[in-house]
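Could you have a look at this one with me? I've jotted down a few points to go through while you turn the model around.

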Amino acid sequence: MKRITNTLKATVAVFALGTGMAVAEDVEVLHWWTSGGEAAALNVLKQDLEAQGIGWQDMPVAGGGGEQAMTVLRARVTAGDAPTAVQALGFDILDWGAQGALANLNDLAAQEGWDEVVPEALQAFAKYDGKWISAPVNVHSTNWVWANKAVLDANGIAIPTNWDEFVSAVETLAAAGVTPIAHGGQAWQDATVFDAVAMGAGGPDFYKAAFIDLDEAALGSDTMKEAFDRMAFIRAHVDENFSGRDWNLATAMVINGEAGFQMMGDWAKGEFLNAGKVPGEDFLCFRFPGTQDQVTFNADQFMMFDQGGSVSAEQAALASAILSPSFQIAFNKVKGSVPARTDVAGDELDACGQQGMADLASAASSGNLFGSMAHGHAAPASVKNAIYDVVTAHFNGEYDSETAVAELVDAVSIAK
Ligand code: GAL
């Protein structure tokens, strides 16, 4: 069958060459969506393209948060072999834009009115120098907690609304012999938790000063020390096998009732759904206690690498498919994120998705929407990695909180 398809494609290509017509080629897509829930969501995109006669060449690079994917990408570009389209986040997109490596999507964006429907906060990472350089797929946010409802009910635990209530819920689970917190000890996961913990400890002005403005006083403050102390409490309530665990395996612990909570972005919801679980019945989603009015977001986008000339027909078709309202709903329902357009209704989303959309809108209008530090939307990669190193070293007991604060100030000042 594959042979027949290839022969057919070759015939079409020869014909097209003869007539000067564009040929539909495969798109090669580099991404890190390899967990069960992520792969299910990616399938929605693959099928959408296949329905348009565009083949999909999959280039998955496992590793939550995309660090490994970005390393592979750099090697491919250096070798002069950039993939057609690449999943990327925040400052990494702007970085490739600044290097002039990305195709200009302005014609398509104008034709489809992206300026009017994509929220400002996302445009800030999708455009470089007035040019659209990537297609936003979704909006995720990192300050969520995922809980096993039966475990909470069995232990008489209500959804905690502030840090003290969270501490007592965690201690109740520990006393009952349940792992309170499911976590994977990888730098990006430690940092994802830190996003929410720092926001909870210091509030939105502190979060912005520390991670977006990189203000030395905020980075070196007592509030930052409090955030590290809270991380130490969390570290004391994960199971002993946490080190190196993939995020989706931590989610599985909550799904299976082995653990009570996981602090993770809303891609975790994709795992619950993929396991047939229902929000409100089997699992609960709520904002990290003390961050109910804030959202720390990250948006997945697909950058289109310049293949030497203008945007190819396949790249345009991919970008157009990604931005289409029907795809935005179909995809984000499965992925756990919310649409990257402001003009699509959320009524097809489940309760967590609807809350996600409402939180995003209200945080945007009250000035409480901030880029996630952990997922590359607060500061460039060099700074992000410097923060990762300190957060992880502290989480693993190498630094006490006071030392971590001092190291953070130094690391950020060297990296920025
Ligand atoms: C994030 C990405 C999400 C999710 C997660 C775990 O950086 O934005 O889409 O896939 O990593 O892999």
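1. Start with the second largest pocket, which holds about 230 Å³ of space. A pocket here is an open set of points on a 1 Å grid over the protein atoms alone, where a 1.4 Å probe fits, with protein on both sides within 12 Å along at least five of seven lines. Its volume is the space filled by probe spheres set on the points, which are joined across faces, edges and corners. This is a predicted model, so to speak of local features we need pLDDT of at least 70, and side-chain atom pairs count only at pLDDT 80 or more, while totals for chains, interfaces and linings use all residues. Residues are numbered from 1 along each chain as its sequence is written, and side-chain values use heavy atoms, with hydrogens and water left out.

2. Who lines that pocket? There are 15 lining residues (an atom within 4 Å of a point), and Pro-119, Pro-339, Thr-342, Leu-360 and Ala-361 lie nearest the centre. Helix H17 (351-366) gives the most, with 4 residues; helices are DSSP runs of H or I with at least four residues, strands are E runs with at least two, and both are numbered from the N terminus. The lining divides into 12 nonpolar, 1 polar and 2 charged residues (nonpolar: Ala, Val, Leu, Ile, Met, Phe, Trp, Tyr, Cys and Pro; charged: Asp, Glu, Lys and Arg; polar: the others, Gly among them).

3. Now the largest pocket, with a volume of about 330 Å³. Of its 19 lining residues, Met-70, Arg-74, Asp-92, Asp-95 and Ala-381 are the closest to the centre.

4. Next, helix H16 (residues 325-335): its buried residues are Phe-327, Gln-328, Ile-329, Phe-331, Asn-332 and Lys-335. Buried means under 20% relative accessible area, with exposed over 50% and partly exposed in between (1.4 Å probe, protein chains only). Just after H16, look for Gly-336, with a positive phi of about 100 degrees.

5. Last, strand S8 (residues 144-148). Why call S8 largely enclosed by the rest of the structure? Because 5 of its 5 residues are buried. Trp-144, Trp-146 and Asn-148 point one way, Val-145 and Ala-147 the other. Val-145 stands opposite Phe-286 in S11 and opposite Met-263 in S10.

Key: Pairing = 2+ DSSP bridges.
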